[in-house]
Amino acid sequence: MTVVRRAVGVLLWYARELTGEAEYDRYCDRHRRHHPHAPVPTRREYQRMRTLWREGESPGRCC
Amino acid sequence: MPASALPETGRPAPEKSRMSLKSLALWTGVALLGAVAWGVLALSRGEEISAVWLVVAALGSYAIAYRFYSGFIARRVLQADDGRATPAERLEDGVDYHPTDRRVLFGHHFAAIAGAGPLVGPVLAAQMGYLPGTVWIITGVIFAGAVQDMIVLFLSMRRDGKSLGQMARDEIGRVGGAAALIGVFAIMIILLAVLAMVVVNALAESPWGTFSVAMTIPIALFMGFYLRYLRPGRVVETSVIGVALLLLAILGGGWIQNSSLAEYFVWSPETLVFCLVGYGFVASVLPVWMLLAPRDYLSTFMKVGTIALMAVGVVIAAPTLKAGAVTEFAHTGAGPVFAGSLFPFLFITIACGALSGFHALVSSGTTPKLIQKESQVRLIGYGSMLTESFVAVMALIAACVLEPGLYYAMNSPAALLGPTAQSAAEAVKGLGFAITPDQLTAAAKAVEEQTLVGRSGGAPTLAVGMSEIFSSVFGSGLKAFWYHFAIMFEALFILTTVDAGTRVGRFMLQDMLGNVWKPIGRVTWKPGIWITSALVVGAWGYFLYAGVTDPLGGIKQLFPLFGIANQLLAAVALAVTTTMLVKSGKARWAWVTGAPLAWVVAVTFTAGWQKVFSDNPKIGFFAQRDVYADAADAGKLLPGATDLDDMHTIVVNNTVDGVLMAVFLLLVTIVLVNCAVVCVRALRAGEPLPTTETPYVASRIEGPESRDTKPLVGAGS
């Protein structure tokens, strides 16, 4: 049972990292370290900013 | 920064450069297993062999190459130094630059490089038998493709993630840089047209396929809105819902096909062209979150899942290869799928999976900004490309498990096959293979398609092969489901490439035109976005339409152009990297990229030369143009054409393709000459030229190797 639970945990960790879902946690972490007095953006605010940044990015996709 | 003391100097070598007895035994075992598998592949003549031998030969070769050759390149040639801070560490901003776990970045990079390319080329190349394709896919990736990806990744990482175009401009000068930029843009257009044509050929007259692929658009839109308004940032959850909906859409397609709604989804190839062009335009101007980003998640999940499923399927089903090891078309060059002899045309037909120039664009850009430790370019650059190569091997297997008769009935041009199963069976017999009209009808019925005759482009063939493999693992009742699952899987990739590629093309065009007229270069100016998007879509749309309506078969006419273009891009990337090695005083190791460069130049220039100047109208664009133009002037019809308009279409298409081919060769020649001049200058200087690398900064973070208490076998060296 614990083996299954661990495997699911690993898979979920990988999927969250791969899709960028974990990006927000990392961003907040960094934000708190660098600007301890400023409030961290909410998830919604962060995702808005993120999509705006992505707008100017060239999507790296290949054949 | 020398990485370690060299063992042969007699000084006490660091412990890790000595192989332990255990790892020596392991690697000897791997080498023996691979050698036996190669032996079976090479020596079997006439009898059918199991596809498992192909898998073993590939995996054994990859393991050896990864362990030894990529290690050699990292240590000696690149002198990767884990004590040196990567841009991800130095410029960390939590968004574009941050040290990423190597396994995650491997997945990222793999998802970015692998698309439909490795699935299409090997299927077409199966006309020469399984052996030539396998040998090229495996040796090509080991000595050329993976080397290119890894070295470009490394050089870009040492320059804070500069793109290939920027590196070309900085290292070889403005002329070469500009030629490289224009070449990349033109190649992109052809690539999009050819991939879109694969989708058109797979969906035309197929209500099931058309419905389920069309449904991906509302599914992606739903995911986009869900992610933005309901559950911001919950990508995993959204993707799981998306994949579930996608599977429902495939099942729904089967229901649609058998209902009275089917007629609304029977679309002609021309209609599909206009839909795709419209889709490409809309997807390129819509905000990223609405369509592009969710589609990307969907396609990544499907990609990883299906490829894993396929690997398991091939091993469990262990199908036998029905295709011959080497067919006569390898010598005669008269194959119906693509014309020309083994050298050079096999090597341009299989581009992705062995050597793909396009990867150089992905390897310079996003990925190098995320690498945690320099030595990880091995796993991320070399390893990802090996994995893509494995996908190509599986595609080749899927094509080779089909009866050759069926394979040729599906992949020959319509002009040769004629309209019915009867005429197709006759044509296949003429090629030297046997299939009865009843067998052809039964094969189509098994996957619930109206016909499989003349379904060129690779996707339907791969789908039939995959459905054979999967149904022998999971039971035979689901053949039609698996066929349409595979079609959907490939179409999803391609549509993702179409919208991402159109956007990339738009950025390039905005960048280029921005030099002439400032406002158009601004990425926020809406009319500028619309104009440049329309230009890009119009350009690939033209080639797509021309290909789809080409009386001689668009895949047969355009695929060589695509393959040559992709390999020419590889020539540019390898030339730039070789120049950079020479400039940095590593002329001694320049053969690592120089040898694949010489090979790919020989291949592409021979192929390009034949395509432009060959007297054989089956190969040379202009030779074929002249034959058809003369006949049209005389009012005669030649094979393939049903009226004089067809004759004129063939003349125009051949002229355009021939001119384009010549322009590609010219642009790449400029880059190569420019590189050669810079190399000579660097060698004459006698000492390394000023470097463009970012200066050394010591790393302050720990890599995984220093943390792991027990390293993997051989991981240390």
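Trainee: What is the secondary structure of chain B, and how compact is the chain?

Mentor: Chain B contains 29 helices and 0 strands. Its radius of gyration is 25 Å, close to the 27 Å that the globule rule gives for 717 residues, so chain B is as compact as a globular protein of that length. If you follow the C-alpha trace of chain B along its principal axes, it spans about 75 × 60 × 60 Å.

Trainee: Which part of chain B does the UniProt record annotate as a domain?

Mentor: An unreviewed UniProt entry carries the annotation "domain: CstA N-terminal", which covers residues 50–607 of chain B. Over that stretch the chain is 73% helix and 0% strand, and its end C-alpha atoms lie 33 Å apart.

Trainee: How should I read a nonpolar core, and which residues have the most contacts inside the largest one?

Mentor: The general idea is that, in soluble globular proteins, nonpolar side chains tend to be buried together. In this model the largest nonpolar core has 246 residues, and those with the most contacts inside it are Ala193(B), Ala196(B) and Ala409(B). Helix H8 of chain B, residues 174–203, gives the most to this core, with 20 residues. To see one of these places in detail, select Ala196(B): leaving aside neighbours within four places in sequence, Ala196(B) is in contact with Leu276(B), Ile494(B), Val498(B), Trp540(B) and Leu544(B). There is also a second, separate core of 6 residues, including Leu552(B) and Ala641(B).

Trainee: Where does chain A touch chain B, and how many residues are in contact?

Mentor: The size of an interface is often given as the accessible area lost when the parts come together. Here we can count residues instead: 26 residues of chain A are in contact with 41 residues of chain B. On the side of chain A that touches chain B, helices H1, H2 (23–34) and H3 of chain A each supply at least two residues, and the largest share, 7 residues, comes from H3(A). The residues on this side of chain A divide into 9 nonpolar, 7 polar and 10 charged.

Trainee: What confidence does the predictor give to chain A?

Mentor: Where pLDDT is low, the predicted coordinates should not be read in detail. Chain A averages a pLDDT of 88, and 98% of its residues score at least 70. Among the elements of chain A, helix H3 (residues 43–55) has the lowest mean pLDDT, 88, whereas helix H1 (residues 2–19) has the highest, 93.

Trainee: Is Asp160(B) buried, exposed or partly exposed, and why?

Mentor: Asp160(B) counts as partly exposed because it has 16 C-beta neighbours inside 10 Å. Glu205(B), with 16 C-beta neighbours inside 10 Å, likewise counts as partly exposed.

Key. Residues numbered from 1 in each chain as written. Chains lettered and ligands numbered in written order. Predicted model: local features only at pLDDT ≥ 70, side-chain atom pairs only at ≥ 80, totals over all residues. UniProt positions renumbered as here; feature names shortened; annotations may be inferred. Helix = DSSP H or I, 4+ residues; strand = E, 2+ residues; numbered from the N terminus. pLDDT = per-residue confidence, 0-100. Core = buried A, V, L, I, M, F, W, Y, C linked by C-beta atoms within 7 Å. Buried ≥ 20, exposed ≤ 12 C-beta atoms within 10 Å, placed from the backbone. Contact = placed C-beta atoms within 7 Å. Rg over C-alpha atoms; globule rule 2.2 N^0.38 Å. Nonpolar A, V, L, I, M, F, W, Y, C, P; charged D, E, K, R; others polar.
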